[in-house]
Every structure is written in structure tokens, then in C-alpha cells.
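Here's a quick briefing to read with the model open beside you.

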Amino acid sequence: MSKRVFIIEYAKGSDKGFDGFRADSKPILKAIEEISKLKTEIVFYKPNKKYELLDYLKENAHSVISRINPGNLKEVDEYFQFLKALGNYGVIVHTHPDVMINLDFKDILAKLKDTKLGDKQTEFYHTYSEFVTKFPALLESYKIRVLKTNYGSTGEGVYLVSLKDDGSIVSTEAVNNDKYYYDNIQEFLTAFERKFEEESENAAYFKGKVGFVNCRYLPRISEGEIRVLLVNDKIISVVHKKPQEGQFSATLFSGALYKYESPNEPKWKEVVNLTQEGLKDIKPFLHGQNYPLLWTMDYILDFKEDGSDKYVLSEINCSCVGITTQLHYANEVAKVFK
């Protein structure tokens, strides 16, 4: 039997349809078969059966597409090592874990802060002691900051922290808009310590990855985020993500509305050009691999000194970007395999 293209799924998670599969998995594979003539198959990753799956894919896979939200896995580092092993055996891995470990974590915002994509005020705190040492001064200077856990999705682990005139602190959690009140900065710092996870001794990929990114708050988040959707280095859509009234999170889980538009629309010319130019700044973090198969670069609007629009990178997603509501994009993914 000839080598096939495989999608790897995970049985658990809220991203499954009634048949147990992600709603976009079968359309992607169908498009690949139609465009490339390659045969396809879906398999499920089970941590206690990973070696059997590794042997099966080594023998039968031309390439694999990981369609697992790492947040659904208990041992994400172990899964990344599994994908790395497949790549070492000559299987093409979309997206390669060497790429995901760099781009899919929020610390990429700190790494890109001196490029046109980023913001110079961005910092990454790997340890709680770094956080305690540096964060209070920035909060005192700017009165409001955004803290993002280094790995998270759907608004989880994102906090808007505000310093009031009386020295009290209000922390708002993005995923559900819950507010927490603290009498002073010390009380907030003490409460926040539990959010810093311990680094696993067995981590291979995830060494140095726990922690939080500290970002400037951009008030124009009320206008929504601008998402640029890409297949490898080709921009296929621009998505305007409009948050609900009174919320600063622009995720589907927080009730935001998504509007997909062509990247050729004149109003998106600047963000499209910025993204294309920014690919060269991202390339060093690919470690010799290709750009992700299906990924996004998300921006929040700001103002330049002359009052014109400025786009600031707020996130990169490349581990498991969904196209369930826009299944025609499966054809763009399939062209990679032609």
C-alpha cells in the first residue's frame, strides 16, 4: 500500500462532532485526496499506545497533520517528543513541534518585541521571583497591564490588571470576565504566585516555557482583534474578531463575533503587508522547518504618532487552528500536498 497522509486526533476535548471527529478533519483529508491523489486516514493518539502508533505511522505515513489542541493533553511534552520522533524517521510533520514550541507560546511576543510586529514594552517572566521584581514598577508606571500565561487558548490564563488611585488592584480574567479585588499590590502578588506552575523535571521541549508574558494594554481591543489566517507563507483570509460589549477578550468562547474577509480587500492592505514582511522575522524561530501548515497571526489596533492605525501582534496560533465554520479553506490546506 502506498504511503498516506494522516490526521492525528485525540479522543477527548470539546472540539469533537457527534461522530467523535473534529468537524474539519474529514473535509481536509477529502480535499487532499481530490487535489493530490494521495490516500488519507485518521488515527487517534493514545498516550499508553504511542509506541504502537509510532510504528504504524513510520511504516505507512507520507506525512501527518496534528489536529490536537495541546490543552486537551495531560502530557503535552510527551506528545511533542512523539511528533519529533516521527520527523526523525522521515515523516513530514505538520506542524513540526520545533516550530510549535516557539510560535505557539506567548513568549514569542517578547522575542519579537523589537521588530515591526511587536511592542517594546513586552516582557516574559519565567519565574515568580522575576515577576515580583519587575512587574510592580511597570504597573505603577502604566496603571494597567495584561498578563498572559505562556501557554493557553480561548482566553484562559489572560488577566487585565488595573492599579487604582487608592493603591488597590482589580484583576479581570478574560475567559469569563470574572473580577478579583485586592487591597494592595502585595496582596495581588501573593495571590498570583499560585498561577506560576512548577517546571517538570522530565520536560524536553517545555524547559523554560512556564511563566507569564506582560503586555501593554491596548484600549482599541474594544474594536476587536484582526486575525490573519495563513497556510504556510500564503495569507488566505483576514478575520475581524469583535468582542462582546464590556469584554476585552475576542475569542469565540467569550462570545466574540468572527467575520471572514478576503486579504485583497483594500482596508486590510496594511496588516497584510505587515504580516508578509514579518515572516522574515519569524523565520529564525522555525529551526529550519517550514512555516506552519495552518496558522494565524492576531493583531490589536493601536495608533501611530500621526494618528493613523498601527497593528500590534497579540498572539500566534499554530497547533490546531480550526476552520469548522469555513470548510472551503480545506482546499487551500490541500494545495500544500499537491
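This is a predicted model: local features need pLDDT of at least 70, side-chain atom pairs count only at pLDDT 80 or more; totals for chains, interfaces and linings use all residues.

Residues are numbered from 1 along each chain as its sequence is written, and side-chain values use heavy atoms, with hydrogens and water left out. Helices (H or I, at least four residues) and strands (E, at least two) are DSSP runs, numbered from the N terminus.

**Salt bridges**

- The structure has 25 salt bridges, each being a side-chain nitrogen of Lys or Arg within 4 Å of a carboxyl oxygen of Asp or Glu.
- As background, side chains of opposite charge can pair when their charged atoms come close.
- Asp19 pairs with Lys26 in a salt bridge, with 3.4 Å between the closest N and O atoms.
- Asp19 is partly exposed at 35% relative accessible area, and Lys26 is partly exposed at 42%; on this scale buried means under 20%, exposed over 50%, and partly exposed in between (1.4 Å probe, protein chains only).
- Glu223 and Arg220 make a salt bridge through their side chains, at 2.7 Å from N to O.
- In that pair, Glu223 is partly exposed, with a relative accessible area of 30%, whereas Arg220 counts as buried at 10%.
- A network of salt bridges ties together Glu225, Arg227, Lys241 and Asp298.

**Helix 2 with helix 3**

- Lys50 and Glu78 join their side chains in a salt bridge (3.4 Å, N to O).
- This pair links distant parts of the chain, 28 residues apart: Lys50 sits in helix 2 (residues 50–60) and Glu78 in helix 3 (residues 76–88).
- Lys50 is buried at 14% relative accessible area, while Glu78 is partly exposed at 26%.
- The axes of helix 2 and helix 3 come within 10 Å and cross at roughly 25°; axes here are lines fitted to C-alpha atoms, for helices over the stretch in contact, and angles run from 0 to 180 degrees between N-to-C directions.
- That angle makes helix 2 roughly parallel to helix 3 (under 35 degrees is roughly parallel, over 145 roughly antiparallel, 65 to 115 roughly perpendicular, and the rest oblique).
- On the helix 2 side, Lys50, Leu53, Leu54, Leu57 and Lys58 meet Glu78, Phe82, Ala85 and Leu86 of helix 3, where contact means heavy atoms within 4.5 Å.
- Sorted by class, the contact of helix 2 with helix 3 has six nonpolar, no polar and three charged residues (Ala, Val, Leu, Ile, Met, Phe, Trp, Tyr, Cys and Pro count as nonpolar, Asp, Glu, Lys and Arg as charged, and the others, Gly among them, as polar).

**Helix 6 with helix 7**

- Helix 6 (residues 128–142) packs on helix 7 (residues 185–192) at an angle of about 145°, with axes 11 Å apart.
- Helix 6 and helix 7 also cross in a right-handed way.
- From helix 6, Tyr128, Phe131, Val132, Phe135, Pro136 and Leu139 meet Ile185, Phe188, Leu189, Thr190 and Phe192 of helix 7.
- The contact of helix 6 with helix 7 splits into 10 nonpolar residues, one polar and no charged.

**A buried serine**

- Ser314 is placed in strand 15 (residues 309–317) and is buried, with a relative accessible area of 4%.
- Leaving aside residues up to four places away in sequence, Ser314 touches Leu109, Lys148, Glu225, Asp298, Tyr299 and Ile300.
- Two of these contacts, Glu225 and Asp298, also belong to the salt-bridge network with Arg227 and Lys241.

- For context, most residues other than glycine have a negative phi, and most peptide bonds are trans.
- The peptide bond from His94 to Thr95 is cis, with omega near -5°.
- Thr95 is in the loop between strand 4 (92–94) and helix 4 (97–103).
- Lys37 has a positive phi, near 70°, and lies in the loop between helix 1 (25–36) and strand 2 (39–44).
- Asn232 has a positive phi as well, near 55°, and is found in the loop between strand 11 (225–231) and strand 12 (234–242).
- Lys37 counts as exposed at 67% relative accessibility, whereas Asn232 counts as buried at 10%.

Terms used
A crossing is left-handed if the near helix is turned anticlockwise from the far one by less than a right angle, and right-handed if clockwise.
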